[in-house]
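Hi everyone, thanks for coming. Let's take a few minutes to look at this one together.

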Amino acid sequence: MTRYQHLANLLAERIEQGLYRAGEKLPSVRTLSQEHGVSISTVQQAYQTLETLRLITPQPRSGYFVASRKAQPPVPAMSRPVQRPVEVTQWDQVLEMLEARRDKEVILFGGGSPDVTQPSLKPLWREMSRVVQHHPTEILSYDELAGRRELREQVARLMLDGGSIVTADDVVITSGCHSGLSIALLAVCKPGDIVAVESPTFYGTMQLLRGFGIKAIEIPTDPESGISIEALELALEQWPIKGVILVPNCNNPLGFIMPEARKRAVLALAQRHDIVIFEDDIYGELAMEYPRPRTIHSFDIDGRILLCSSFTKTVAPGLRVGWIVPGRYRDRVMHMKYASSGTTPPATQLAVATFVREGHYHRHVRRMRQIYQNNMETYTCWLRQYFPCGICVTRPLGGYMLWVELPEMVDMVCVAKQLCRLKIQVAPGSLFSASGKYRNCLRINCALPTTEKHRQVMEQLGEAVHRAMDQDANA
């Protein structure tokens, strides 16, 4: 973190804590420079950051003042889904979202793509060009079924940061995390089986279950600590559940990091009931805390966890490079990979292996953590400014997703259809539920840069929500 960012965060905390009240004049640039031992330009950059976040306002010849604003919205309460197995729905809505990508004029607030415009990706672009020039025959040939060994070695080293001690032989390369999770499910489950999921959970995971004929049972989930261990245990006692899918680090869509004690508790529960844990760690590297949080896999001693991840969210989705650490299910995973997708293209594997080995990956991820943290603070300020009172907003500990809970009368499915006419795509909360719950919620992608254009889109979103509430009140 740079000096000006550190100073901006410190001042923002003081404003949030009420040490500087709305309308109060802030210390002068010169005063802060002397107090913190930094340059005048550092203080000016910090104040510019806070002005962008709309936490302060400048007044000519008078200095900076704390902006008047709405109170911080509360965090949503723990979800209360119906705890019985159901067949996953919502495919038509998901397909509409996917097809919207074809229209380049649509602003994709509902998608999950990271920011791929940063200069820290330039070494990857150069490496991809070099791979094509120097390995033309190799990249046009079949690869090893488990994936390039040099990449598997780098993945094993990366996993040490999350507490998992594995070797290259323990890793299987896949075409992204989505492909990895699908292979993991095929290796363990069969049609008609029941799998427990967090509620809400990523709609892509839901559609995997639908495609494989697997039923989902939604488990109450707290936006700050994760899946309810008590509710999961009750479900395990009532239903023949085969496994549980968890995103414990920088959860999508809620943004929480499950405390270590709860990670150990859910693993102990899985051992007691002899079920599998499918751990999705795709956002784990984007945690705000350092070192990054441990995976549940790092506590596993009997190989019952299939950990899936990829470079999709940390680097770029177009790479299609992910992996599985399958534990005791390695033979089944290898068979299912061969049956479903075969080998993985070698070109991007080679480029990514070098990108990681030469240290570019860690530099890029450090940069993106800070950018996404700043983005989420800005988007949260915009939510406070443009959305009605009575909303609840998550406070993510990593990643780049915000989950917004609106008053019950707001139907975001209907609002989303209206916004499509304005070339704005949002993700209604119903996509994140097997049974279509959370129609009054939405997920916002904060990887989108905090430009004036996107501020205007947030303002339009708020206006659409206000209209929906007015229409309900007049009905």
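Let me start with Phe278. Leaving aside residues up to four places away in sequence, Phe278 touches Leu181, Ala184, Leu185, Val188, Cys189, Gly243, Val244, Ile245, Leu246 and Leu306. Please keep in mind that this is a predicted model.

Now, where does that residue belong? The largest nonpolar core has 69 residues, and the members that touch the most others are Leu209, Phe278, Phe311, Val315 and Trp323. Helix H8, residues 177-188, gives this core its largest share, seven residues. Apart from that core lies another one, of 34 residues, including Tyr203, Ala231, Leu232 and Leu267.

Let's stay with H8 and see how it packs. The axes of H8 and helix H9, residues 203-211, cross at roughly 35 degrees and come within 11 Å. That crossing is right-handed. On the H8 side we have His178, Leu181, Ser182 and Leu185, and they meet Gly204, Thr205, Leu208 and Leu209 of H9. What sort of residues are these? The contact divides into four nonpolar, four polar and no charged.

My last stop is another helix pair. Helix H2, residues 29-36, packs against helix H3, residues 40-52, at an angle of about 115 degrees, and their axes are 9 Å apart. H2 and H3 are therefore roughly perpendicular to each other. Here, too, we have a right-handed crossing, as H2 passes H3. H2 brings Val29, Arg30, Leu32 and Ser33 to the contact, while H3 brings Ile40, Val43, Gln44 and Tyr47. This time the contact residues divide into five nonpolar, two polar and one charged.

That's my tour, so over to you!

How values were computed. Residues are numbered from 1 along each chain as its sequence is written. This is a predicted model: local features need pLDDT of at least 70, side-chain atom pairs count only at pLDDT 80 or more; totals for chains, interfaces and linings use all residues. Side-chain values use heavy atoms; hydrogens and water are left out. Axes are lines fitted to C-alpha atoms, for helices over the stretch in contact, and angles run from 0 to 180 degrees between N-to-C directions. Helices (H or I, at least four residues) and strands (E, at least two) are DSSP runs, numbered from the N terminus. Angles under 35 degrees count as roughly parallel, over 145 as roughly antiparallel, 65 to 115 as roughly perpendicular and the rest as oblique. A crossing is left-handed if the near helix is turned anticlockwise from the far one by less than a right angle, and right-handed if clockwise. Contact means heavy atoms within 4.5 Å. Ala, Val, Leu, Ile, Met, Phe, Trp, Tyr, Cys and Pro count as nonpolar, Asp, Glu, Lys and Arg as charged, and the others, Gly among them, as polar. A nonpolar core is a set of buried Ala, Val, Leu, Ile, Met, Phe, Trp, Tyr and Cys residues joined through side-chain atoms within 4.5 Å. Buried means under 20% relative accessible area, exposed over 50%, partly exposed in between (1.4 Å probe, protein chains only).
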